[in-house]
Amino acid sequence: MQENNSEYLFSSITMDLSWNTDVGETMAGFFQRLKAERRLYGTRCSNCLRVYLPPRPVCGNCWQQMNDWVELGEQGTIVGKTVCYYEILDSMTGKPRTTPFVLGLIQIDGADTTLNHFVETPDPDHVSIGDRVETVLRDTLQGNVGDIVHFQWLGPPTTSSQGSKK
Amino acid sequence: MVYRAVRACLDDASLTMPEIEAVVTASADLWDGKTASNIAITEAVGAVMKAETRISGDGLLALMHGAMMILSGHYQRVLVVAHGKCSEADVDAVSNWCFDPVYQQTLGVTDSQALSLQCQAIKMRAAEMTGEESIGALVRAPSWSDSCGLTVRQGDGACAVVIEAGDDGIVLEGFGYDLDAHYLGDRDLSRCDGLARAAKRAYEMAGLPDSQTDINRHYWSLRAALQLPPWAEAIGACSFIEGLATLPNERHQIQWSGLPPFAAGMQRLIAGVKDLRESPGSDRSLIHGCHGPAGQMQAVCLLHSDGGPC
Amino acid sequence: MKKYQQLRASVHLPFSFAVGATASRFYRALRDEKTIYGTRCDNCQRVSVPARSFCSHCCKTIDHHQTGQWIALPEYGTLIGWCETPNKDGFFTALIQLEGADNLLLHRVGQCDAVLLHKGLHLRAAWKASAAGTITDIVCFKPERRA
């Protein structure tokens with residue numbers, strides 16, 4: 001056989017796998033409360049009193065199971081943000097999200113940890129750390145992660161919004 | 001599930017989580033869809049702000065990794081956790097992705113097909129050695145006609161152990177592992193050379209001769225009972241024919257379990273430790289673990305008890 | 001009975017794996033010449049199929065530019081092992097001994113009655129009409145009466 005061909009081949013395979021993942025008792029409890037009360041809840045460690053959102057079954061710092069649910073505020077504070085100019089697939093819709101958009105780390109009033117989610121704003125360049133946001137839930141809640149549509153940017157903290165912080 | 005296993009382990013050892021210096025976990029992200037990059041169980045195993053390593057393989061490999069951390073002198077006490085969660089996955093689709101993407105995956109090969117090819121190879125070797133009639137009788141023997149089928153249920157499970165530096169009580173005196181060729185056509189599936197090499201490494205580390213007189217109990221990880229003859233042959237416990245002859249009764253005599261994947265080897269280890277605790281005098285057990293298609297990866301641990309309290 | 005909330009998590013990730021120089025040549029030959037190539041290791045003389053870039057026994061490089069080490073194997077062989085349960089497509093995953101190879105070719109056997117399958121059965125490759133340069137350019141190996 002004469003080897004004078006340098007055509008290189010590729011194996012094109014699409015990974016199509018799916019899992020029926022049990023969301024676990026803790027996340028199920030979070031979704032049930034969200035659907036019933038249109039409220040975000042976190043879990044609190046009875047040892048260090050840290051409030052986790054998203055809720056976790058075990059406090060990582062104290063290695064202790066958490067059974068206390070804490071009702072959280074409707075608003076929160078941006079503690080980290082980035083403005084995205086590159087189109088990525090929105091995992092909620094499977095379609096590219098219009099750029100630019102803002103991804104934020106949001107500390108909901110009453111929680112000690114942050115959620116990462118989309119921040120909806122008319123002006124992405126003027127979103128600052130410390131700004132206030134409000135949770136926007138979809139009209140008909142289904143009890144899953146898509147229930148939180150985004151967080152609406154409200155602007156820099158005012159006296160009244162600061163006052164609502166627990 | 002994982003938290004409960006770790007809790008039970010620490011309670012058994014009378015330890016608290018702050019006394020654990022490092023954590024090694026064993027799981028496979030493809031099978032459970034979650035445990036990539038240590039995301040799913042970090043809190044459950046108490047690994048926040050600790051040295052955590054994840055092994056994508058059988059729990060015994062994680063145990064060996066933990067033992068090597070201790071042997072390095074940098075750690076005194078390591079928690080090792082293994083879990084398998086296969087009930088949530090399409091096992092055939094997932095295991096097809098465990099094969100190389102150019103050749104074997106393209107052919108649609110799955111884990112259960114590899115097991116099927118191996119069982120057939122073992123049966124054929126047995127038939128050639130003993131004559132068709134006796135193998136026919138064996139195939140029909142109820143003790144393993146159910147377990148060498150292709151409908152192996154995967155199941156879920158989690159196991160945890162703590163190992164620490166010291167030479168009292170039950171001692172991990174030797175361990176070894178070995179990885180065989182990936183292409184199924186490159187191996188003689190009716191034999192297990194990888195296990196023979198893994199066992200040899202474990203015997204050498206423990207300072208034992210290859211002969212098996214000193215080992216009182218074997219704890220096997222078997223996906224099908226038919227794997228016992230070549231595996232018993234590989235570790236030098238008995239000949240292939242002897243393994244075959246004792247097979248119909250083995251279910252009652254030998255501790256064996258190959259499920260759930262990734263937790264199986266660790267589960268065998270815990271069973272071995274529990275039996276050694278009951279043992280009054282000097283006693284030695286061999287723990288076997290494996291994973292991969294048709295037992296591609298093989299691991300052996302040797303446990304010794306001096307009969308003292310532990 | 002306890003109710004669990006489940007999420008259907010799916011991945012749909014397209015991959016394009018570069019098969020590499022050696023496998024490219026192997027699959028080009030399948031596609032263009034309908035020929036199955038093995039490679040012989042200079043050190044242990046072992047012939048492996050599909051072709052390899054190095055010997056899996058002695059780790060010695062098999063240089064794909066030295067054409068002498070490429071061995072054209074026959075498209076026929078004997079059945080050594082097979083899965084007793086058919087795949088979804090009706091074929092049986094099988095291990096086949098090609099004449100001149102020192103290992104077994106993992107492929108599938110089919111286009112025949114399952115009861116015919118036995119160790120030593122003579123098989124011949126059934127080629128796909130439109131070859132694409134993958135292992136499935138051989139549809140399967142099917143039983144053939146020995147000439």
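At what angle do helix 3 of chain B and helix 11 of chain B pack? They cross at about 70°, with their axes 5 Å apart; axes here are lines fitted to C-alpha atoms, for helices over the stretch in contact, and angles run from 0 to 180 degrees between N-to-C directions. That makes helix 3 of chain B roughly perpendicular to helix 11 of chain B, a label that covers 65 to 115 degrees.

Before going on, a word on the ground rules: this is a predicted model, where local features need pLDDT of at least 70, side-chain atom pairs count only at pLDDT 80 or more, and totals for chains, interfaces and linings use all residues. Residues are numbered from 1 along each chain as its sequence is written, chains are lettered from A and ligands numbered from 1 in the order in which they are written, and side-chain values use heavy atoms, with hydrogens and water left out.

Back to that helix pair. Helix 3 covers residues 59-71 and helix 11 covers residues 264-278 of chain B (helices are DSSP runs of H or I with at least four residues, strands are E runs of at least two, and both are numbered from the N terminus). Gly59(B), Leu60(B) and Leu63(B) on helix 3 meet Gly265(B), Met266(B) and Leu269(B) on helix 11, contact meaning heavy atoms within 4.5 Å. By class, that's 4 nonpolar, 2 polar and no charged residues, with Gly counted as polar, and Leu and Met as nonpolar.

Now look at where chain B meets chain C. Here 21 residues of chain B touch 26 residues of chain C. The buried area is about 2100 Å², and carbon and sulfur atoms give 63% of it; this is the accessible area (1.4 Å probe) that two parts lose on being put together, summed over both. Val102(B), Tyr103(B) and Leu107(B) supply 27% of what chain B buries against chain C, more than any other three residues. There are also 3 salt bridges across this interface (a side-chain nitrogen of Lys or Arg within 4 Å of a carboxyl oxygen of Asp or Glu). Lys119(C) and Glu128(B) form a salt bridge, at 2.9 Å from N to O.

Chain C also has an open sheet of 3 strands, in the order 3-2-4 with antiparallel pairing; strands pair if DSSP finds at least two bridges between them. Strand 3 (47-48) and strand 4 (70-73) of chain C each have a single partner strand, so one side of each is left without a neighbour in the sheet. Helix 1 (residues 20-33) of chain C packs on this sheet, touching strand 2 and strand 4.

Note on methods: Angles under 35 degrees count as roughly parallel, over 145 as roughly antiparallel, 65 to 115 as roughly perpendicular and the rest as oblique.
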